[in-house]
Amino acid sequence: MATAVESALREALAGPAPGAAALGALRDGLAAAGGPAALGRRQRERFGALLRSLAAAAAEGPEEPAGPWRSCFVEGPPGLALSALLGALGEPPGAAPRAGRRLQPIVEVLERFVREGRLAALMWEVCQQQARGGPAELQDALLAGVVALPDRVSNSLRGRNPAVFFPQNYFPLLGAAIVEVLHEISASLRGGSDCSISFVSQVLGKVCVHGRQKEILSVLVPRLADLTKSDCIWQRICWRLVECVPERWMEAVVLGFVQRAPGADVLSRLLGNLVVKNKQAQFVVTQKFLLLQYGYTTAVLQNLLGYLSLDSLRRALLIKVLQELLETWSSSSAVKHSPAEQQEYISKAILICLSHLKEPEIESCRQELLTSMMEGVKCHLDSSLPQIRRLGMIVAESISSKINTDGPVLKFQYEEDDEARELKSLLVQAPSICAVPSLPDDNRNEKADAALPLTSESNGKSHTAATHVVSDEESDAELDSDDDLTPYDMSEDKELKKTKAPVYIRDCIEVLTGSEDTDKWEATVKALESLVRKNPAATREVSVELAKILLHLEEKTCIEGFAELRQRAQVAVLTVDPIPVAQYLTSQFYSLNYSLRQRMDILDVLVLAARELSFPKVHGKIKHVEKPCVQLLPGSDSSNDWRKIVDERIKSKTRRFAKGPSQVQVASGPNEFNSVAGHFFFPLLQNFDRPLSTFDLLGEDHFVLGRLVHTLAVLMYLAVNTVAVTAMGKALMEFVWALRFHTDSYVRQGLLSCISSVLLSVPAEHLLNNMTEELLETQSWLGDVVEKDPDGDCRRLALQNLLLLENLKKKLNKTVPS
């Protein structure tokens, strides 16, 4: 048989072009010999020379070779066939194709090569050669050719490649070919023959590092998950497949498996103890995925950390990961300089780790957990961002519940929304729907016991639990009841007359300062706002005294909405007599012996009163105009409010031409904030950098500094079209420039909001005439913020300001004559 193949090869290579008879004889001889595997080294060399001559003749000759030349590429040695076809294409990816070449026949043969499963034959051939110590150079060339085949074809045809070479079609076919090769390897191992898998691992690694994990693993992972359910040989093949991936490609492969695996149990079957054996995989899993990156979903985190918990050798890494996560979580520097998204990601990872800890492991690191909890919750509660504070509360509660199972635990008050419920749910392991047990593992049994009961179990237990609850309630009711005591007859009782509120402002002052009658005090607090607005002349006589009383007023009874009633009364007093009351409040903001709550109340009152004064009034009543509202209460998202402000202002300055009835004009009136804006604004800028014994804006009281900055931004915005707006804008730009590198993200958001206010409120010609240098410096700083600031809201606000500056330049170019 070998002699027949040898003579057919010699005859095919004898002339300038092989004839149809010679090619037919070669096909018959090859089939009789048992296929390409029966060829010797010399015969393979001649077969390769023949394939290269056929490919060159098809690409460069005036017409295609005669006879069944295409079948020689499909039925011959696959490695030699692919090398010859790629050589005929001629250009590596990125090079310009040469003119005058007939590439369509070559591409058609390549398409047939892929569709008829020759990729699997090629990989199996290389695996056998590696087991026998074949040349590495040829294997590297085939590896590059297999992975880059769509790019090579697309480059040669300038994008007009067949559908099979689209990446979304080609790489799933390659994944199916890998599964076919793994079947061959499995059969070889069961037959007692040794075989190498490294080439398949290299193909998988190179495809994943090129960004095609989704396409190839969408085929590979489900098939391997099914094959490894109960077959230990398939599990070893799968483990070896991943272990043999070169280290430079390991990260992409591990990430692909983690993202595509339907559960931690499946991931454990597919990867085995890879993180214990391979240092690169260990670094990627325990450091890079958790501490250096934060864009992965909660399901990926659950897969990753669940995988670490499912084997006794890997649980040591789980404890190490938890310690490093807690170290980052409790670092004040990390809390200040990390994006909120990353801190949420780390918090989720900590909660998932805690859900996998067993009692002996908790006992061994109880003190360390307690220390980290105390340090971390302090760092988070010091943050100005409500989201960060709530994350700290939830994680601290979770750690406390784990380390104090029998004693009191931490409990905070915060809003229970979907995000908080999702975080808390991570502390309880849910039974895995997709997981199928493969090997005996005590850890998995314990995990199942720790998880929530399944429906079949819970149905049986729920009735018993409900019975116990009812019996307990009944017993309590019996203990609390006392038949010897009979209720009073209250059928003829009448409601007491309500206490009348004072009619005069001075009477209100007397009640609020000296009266012991709580009913009268409550009535006064409720009626004070309307009384002030109805009697502006009387209020002006005692306005500062009344503002002082309201600033120090404390709640005597449990009156509903006391804080809001007091604030509305303060706003009413300030709007009735703006200048003296504003001077008093702004002077008290930097005075000694005030609480942070009182200082923030002053800022809120100034903002609300400025908004009211800036609204037009008709017949003495405020005309409610649709204007963007900047809420300065705790928990507000200033960046969202400021985006509304900019959108509204841009909308108001955009001319629209449309048919139909014109819009109803809103009633207008004098802007009362015009003459008093400076009294609200400038005193707040004077002493911010002077620390007091009880107050340090540039130190630990950065939350109040953030509120001050946002207040200044709102006042600047409301001062549009006022006389003092240009001076206010220049002063505010200097204030922003002094604090632009502040470490707190809430403060930086406020500073960027101040820039927006200046650009929106100060007339363009005044900006360009009086603040040219400041604008150029600000533009450079905004560019750095967009590129380098860790906070996403700061980056968005900076980009928004850059767009406003660009619009300002365009406006200048239109107004200046050429």
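Q: Which side chain does Glu361 meet in a salt bridge?
A: In this predicted model, Glu361 pairs with Arg315, at 2.8 Å from N to O.

Q: Where do those two sit, and what does the pair tie together?
A: Glu361 is in helix 22 (residues 359-364) and Arg315 is in helix 19, so the bridge links parts that are 46 residues apart in sequence.

Q: Is Arg315 buried or exposed?
A: Buried, with a relative accessible area of 8%. Glu361 is buried too, at 17%.

Q: OK, and what about Lys348, which residue does it bridge to?
A: Lys348 goes with Glu422, and their closest N and O atoms are 3.7 Å apart. Lys348 lies in helix 21 and Glu422 in helix 25 (residues 418-425), so this pair ties together parts 74 residues apart in sequence.

Q: Buried or exposed, those two?
A: Lys348 counts as buried at 13% relative accessibility, while Glu422 is partly exposed at 34%.

Q: How many salt bridges does the count come to?
A: The count is 29.

Q: Switching topic: how many cavities of 30 Å³ or more turn up?
A: A search of the whole structure gives 5. The largest cavity holds about 70 Å³ of space.

Q: Which helices supply at least two residues each to its lining?
A: Helix 19 (312-329), helix 20 (332-337) and helix 21 (340-356). Among the lining residues are Trp329, Val335, Ile346 and His380.

Q: What's the lining like by class?
A: It has 4 nonpolar and 4 polar residues, with no charged ones.

Definitions and conventions: Residues are numbered from 1 along each chain as its sequence is written. This is a predicted model: local features need pLDDT of at least 70, side-chain atom pairs count only at pLDDT 80 or more; totals for chains, interfaces and linings use all residues. Side-chain values use heavy atoms; hydrogens and water are left out. On a 1 Å grid over the protein atoms alone, a cavity is a set of points where a 1.4 Å probe fits but cannot get out, and a pocket is an open set with protein on both sides within 12 Å along at least five of seven lines; lining residues have an atom within 4 Å of a point. Grid points are joined across faces, edges and corners, and a volume is the space filled by probe spheres set on the points. Helices (H or I, at least four residues) and strands (E, at least two) are DSSP runs, numbered from the N terminus. Ala, Val, Leu, Ile, Met, Phe, Trp, Tyr, Cys and Pro count as nonpolar, Asp, Glu, Lys and Arg as charged, and the others, Gly among them, as polar. A salt bridge is a side-chain nitrogen of Lys or Arg within 4 Å of a carboxyl oxygen of Asp or Glu. Buried means under 20% relative accessible area, exposed over 50%, partly exposed in between (1.4 Å probe, protein chains only).
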